[in-house]
Amino acid sequence: MAEVLVFVDHVDGAVRKPTLELLTLARRIGEPVALAVGAGAEQTASVLAGHGAVRVLTVDAPEFAEYLVVPKVEALQAAVEAVSPVAVLVPSSAEGKEIAARVAVRIGSGLITDAVDLEAGEQGPVATQSAFAASFTTKSRVSKGVPVITVKPNSAAVEPAQAAGAVEALSVSFSERATGTKVVARTPRESTGRPELTEAAIVVSGGRGVNGAENFAVIEALADSLGAAVGASRAAVDAGWYPHTNQVGQTGKSVSPQLYIASGISGAIQHRAGMQTSKTIVAINKDAEAPIFDLVDYGVVGDLFDVVPQLTEEINTRKG
């Protein structure tokens, strides 16, 4: 069976969930071969094998930590040349999309970004995308070269499948371009204890209706009761009520969780662009005419400061 190359997103050997989703999708079109680079690469093997990777290519070098994305680009390019895959799958993060685009240019192939589904086709993998603020769904395939496809988090359920996971060292020779931009300092991001926004199964977001930074505690309490990530609309971020790193929308992050709860968010098109592919959407807004209600699966017309605390209390009660 043809092989599908999957670029692994991991932190010191801890594999992140979007990579496991990619392995599930890769099995639809071939046998997954994983590429893990950087510190802890070999430690990813058991997890990757448990999710269908027949081979795990690993490479570690100081360049991966000391320089920007080009060393990873050159490692992925080397893996493509070594494996000759039918497709290359990369997590659709900011870094992932940059890596994918650079690799596609280097190998002379087409690129599809932000896919939400993947299936086998007679002439190659067919990717599903949401376009124009999720107003349309498109199906596309690459017509030239090895398809390079980035896939959004939460596009597929993780399905374990034991495979050999044979570990093989990949030889990479870095060019001068790989060391052109050096990382001179790193500042660890403060942990909130909540899931990463783009990877979370549940997202609770607040908007203009929250009416102040201090009131986001109400949103955070609901999120914590559900084990969810916290998001914010552009209006809330522009007002300085919540960090831009948590903004959901066209000028923020795109999310596709199993459950999205919008509190005090009107539903402007730029916000919808970032969350419209969520599997189930719930809105809480005191304006019954808010555009968000045209989109939702469930809507509550009411003051969020009445509804959200009651919802949080009920969830906590049911949890015991």
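Modeller: Before we start, contact here means heavy atoms within 4.5 Å. This is a predicted model, in which local features need pLDDT of at least 70 and side-chain atom pairs count only at pLDDT 80 or more, while totals for chains, interfaces and linings use all residues. Residues are numbered from 1 along each chain as its sequence is written, and side-chain values use heavy atoms, with hydrogens and water left out.

Biologist: Thanks! Where is the place of His51?

Modeller: Helices (H or I, at least four residues) and strands (E, at least two) are DSSP runs, numbered from the N terminus. Leaving aside neighbours within four places in sequence, His51 is in contact with residues including Leu20, Arg27 and Glu159. Its place is in the loop between helix H2 (45-49) and strand E5 (55-59).

Biologist: Is His51 buried or exposed?

Modeller: Buried means under 20% relative accessible area, exposed over 50%, and partly exposed in between, using a 1.4 Å probe and protein chains only. His51 has 13% relative accessibility, so this residue counts as buried.

Biologist: Which backbone oxygen does the side chain of His10 reach?

Modeller: A polar contact is a pair of N or O atoms within 3.5 Å; within protein, one must be able to donate a hydrogen and the other to accept it, and residues adjacent in sequence count only if both atoms are side-chain atoms. His10 is found in strand E2 (residues 10-11), and is buried with a relative accessible area of 14%. Its side chain reaches the backbone nitrogen of Gly13 at 3.0 Å. At 2.7 Å, that side chain also reaches the backbone oxygen of Val37.

Biologist: How many aromatic pairs does the structure hold?

Modeller: Rings of Phe, Tyr and Trp (its six-membered ring) pair if their centres lie within 6.5 Å; planes under 30 degrees apart count as stacked, over 60 as edge-to-face and the rest as tilted. For aromatic pairs, the count in this structure is 2.

Biologist: Is the pair of Phe64 and Phe174 stacked or edge-to-face?

Modeller: Phe64 sits in helix H3 (residues 62-66), and Phe174 in the loop between strand E11 (166-169) and strand E12 (202-206), 110 residues apart. Phe64 is buried at 9% relative accessibility, whereas Phe174 is partly exposed at 24%. The ring centres are 5.6 Å apart and the planes are at 80°, so the pair is edge-to-face.

Biologist: And what are the rings of Phe216 and Tyr242, stacked or edge-to-face?

Modeller: Phe216 is buried at 1% relative accessibility, and Tyr242 is buried too, with a relative accessible area of 12%. Their centres are 4.5 Å apart and their planes at 25°, so the pair is stacked.
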